[in-house]
Amino acid sequence: MKRYNVAVVGATGAVGEEIFRVLAQMDFPINNIVPLASSRTAGTDIEFKGKNYRVLELTESVFEEQEVDIAFFSAGGSVSAHFAQFAAQSGAVVIDNTSHFRMDGDVPLVVPECNPQAIGDWKNRGIIANPNCSTIQMVQILKPLDDAFDIKRVDVSTYQAVSGAGKEGMEELVRQMQDFFAFKLDESQPKVFQHQIALNVIPHIDVFMDNAYTKEEMKMVNETQKILGKNVEVSATCVRVPVLRSHSEAITIHFANDVQVQKAIEVLKNAPSVVVVDDISKNEYPMPLISTNTDFTYVGRIRKDLYRDNVLHLWCAADQIRVGAATNAVRIAQKWIELEG
Ligand SMILES: NC(=O)c1ccc[n+]([C@@H]2O[C@H](COP(=O)([O-])OP(=O)(O)OC[C@H]3O[C@@H](n4cnc5c(N)ncnc54)[C@H](OP(=O)(O)O)[C@@H]3O)[C@@H](O)[C@H]2O)c1
């Protein structure tokens with residue numbers, strides 16, 4: 001079996017560290033692994049399958065020097081904007097976790113459970129984009145329901161964990177909780193989030209756009225349409241909550257025709273990477289505590305609208321660092337290998 005030289009750009013970050021764990025757990029066919037980060041952490045070591053690898057500084061030439069075949073990028077949009085082209089030009093396939101290339105006309109935006117064919121179909125310039133973390137778990141649920149019942153409109157509210165803002169987001173919540181118990185939360189200045197996140201929820205993720213939606217909300221609209229390949233109406237409200245890890249979402253789905261709850265549950269039970277947890281008699285439904293550190297999107301609270309027979313409401317939770325980033329990226333790489341071979 002062919003083995004690949006794999007680079008992880010942003011190796012010391014929340015997503016980068018998870019990519020190493022997923023690669024090891026999935027026993028990805030690796031010849032050499034190259035951790036890349038900024039000059040701040042270059043020179044430190046990263047452990048992978050019992051061996052230490054030195055973190056190298058990201059440079060324009062490192063992909064060629066290290067003969068990289070597959071480059072995972074998760075170091076922010078501006079880093080991908082500048083460096084991804086050097087990886088692609090050196091012959092590597094780039095799998096990008098940032099938002100930079102997602103809506104480019106010649107870059108496939110892929111969730112392997114939904115549109116794996118996009119990897120081969122799209123005229124692509126050696127770059128494959130990983131969707132936004134909130135989009136991935138939502139489309140894993142929407143795609144099978146759309147295939148079965150034809151979706152016309154989706155309204156979603158997200159409950160997004162602080163780790164969606166990287167390691168610094170988690171540190172800010174923990175520090176503010178410590179300050180709360182030390183009776184000095186009043187002195188604590190927010191740095192990562194716009195307001196105090198401990199004991200609060202913030203209906204504001206990424207920047208506001210001219211249309212009064214945030215960029216995060218518009219990512220969910222545009223990316224869902226690109227992945228499903230249809231102009232389904234989507235409206236999103238994205239909210240940061242004081243949860244360390246795993247995003248949750250309340251989703252209302254409008255179908256072309258009437259839908260029975262039991263039939264929708266059957267469809268979701270057969271959907272790849274989706275687990276139905278829905279037994280209200282036992283208080284069983286998806287929660288971040290269930291989804292964290294797993295590769296599944298959990299769905300429950302599946303119920304009919306009180307007024308319309310063509311509308312369902314449901315609730316889901318998924319680990320956004322794995323399902324919403326690292327696992328999806330590695331699954332894309334596995335699909336790419338399958339297609340390449
Ligand atoms: N967190 C999530 O749930 C999530 C989900 C999906 C997508 N994403 C996306 O993934 C990307 C990374 O997110 P994260 O949460 O992992 O952030 P993070 O924890 O803050 O980590 C950022 C990583 O990028 C590296 N980096 C920053 N500037 C760099 C530069 N100029 N050159 C080279 N490396 C640089 C950092 O290296 P140093 O340690 O050297 O500073 C670190 O390894 C972002 O674009 C984010 O939007 C995140």
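Thr158 stands opposite Cys238 in β10, in a model that is predicted. Strands β9 and β10 pair in the parallel sense over eight bridges; strands are DSSP runs of E with at least two residues, helices are DSSP runs of H or I with at least four residues, and both are numbered from the N terminus. Two strands are taken to pair if DSSP finds at least two bridges between them. Local features need a pLDDT of at least 70, side-chain atom pairs count only at pLDDT 80 or more, and totals for chains, interfaces and linings use all residues. Residues are numbered from 1 along each chain as its sequence is written.

Strand β9 (residues 151–160) also pairs with β11 (residues 247–255), in the antiparallel sense and over eight bridges. Here Asp155 stands opposite Thr252 in β11. These strands belong to an open sheet of six strands with mixed pairing, in the order β10-β9-β11-β14-β13-β12. Its edge strands, each pairing on one side only, are β10 (233–240) and β12 (274–276). From one strand to the next, the twist averages 20 degrees.

Two helices lie across strands of the sheet. Helix α7 (residues 215–228) lies across β9 and β10 and runs at about 145 degrees to β10. Angles run from 0 to 180 degrees between N-to-C directions, with axes fitted to C-alpha atoms, for helices over the stretch in contact; contact denotes C-beta atoms, placed from the backbone, within 7 Å. The covered face of β10 consists of Val234, Ala236, Cys238 and Arg240, whereas Glu233, Ser235, Thr237 and Val239 form the uncovered one. Helix α8 (residues 261–269) lies across β12, β13 (297–304) and β14 (311–318), at about 170 degrees to β13.

Helix α6 (residues 166–181) has 16 residues and reaches 24 Å from its first C-alpha to its last, close to the 22 Å expected at 1.5 Å a residue; the expected span is 1.5 Å times one less than the number of residues. Its buried residues are Gly169, Glu172, Leu173 and Gln176. These residues cover an arc of only 95 degrees around the axis, which puts them on the same side of α6; the arc is that of the directions from the helix axis to the C-beta atoms. Burial requires 20 or more other C-beta atoms within 10 Å of the residue's own, with C-beta atoms placed from the backbone. Phe183, with a positive phi near 55 degrees, follows α6.

Ala92 lies in the loop between α3 (77–89) and β7 (93–96). Ala92 is buried, with 24 other C-beta atoms within 10 Å.

Terms used:
A residue is buried if 20 or more other C-beta atoms lie within 10 Å of its own, exposed if 12 or fewer, and partly exposed in between; C-beta atoms are placed from the backbone.
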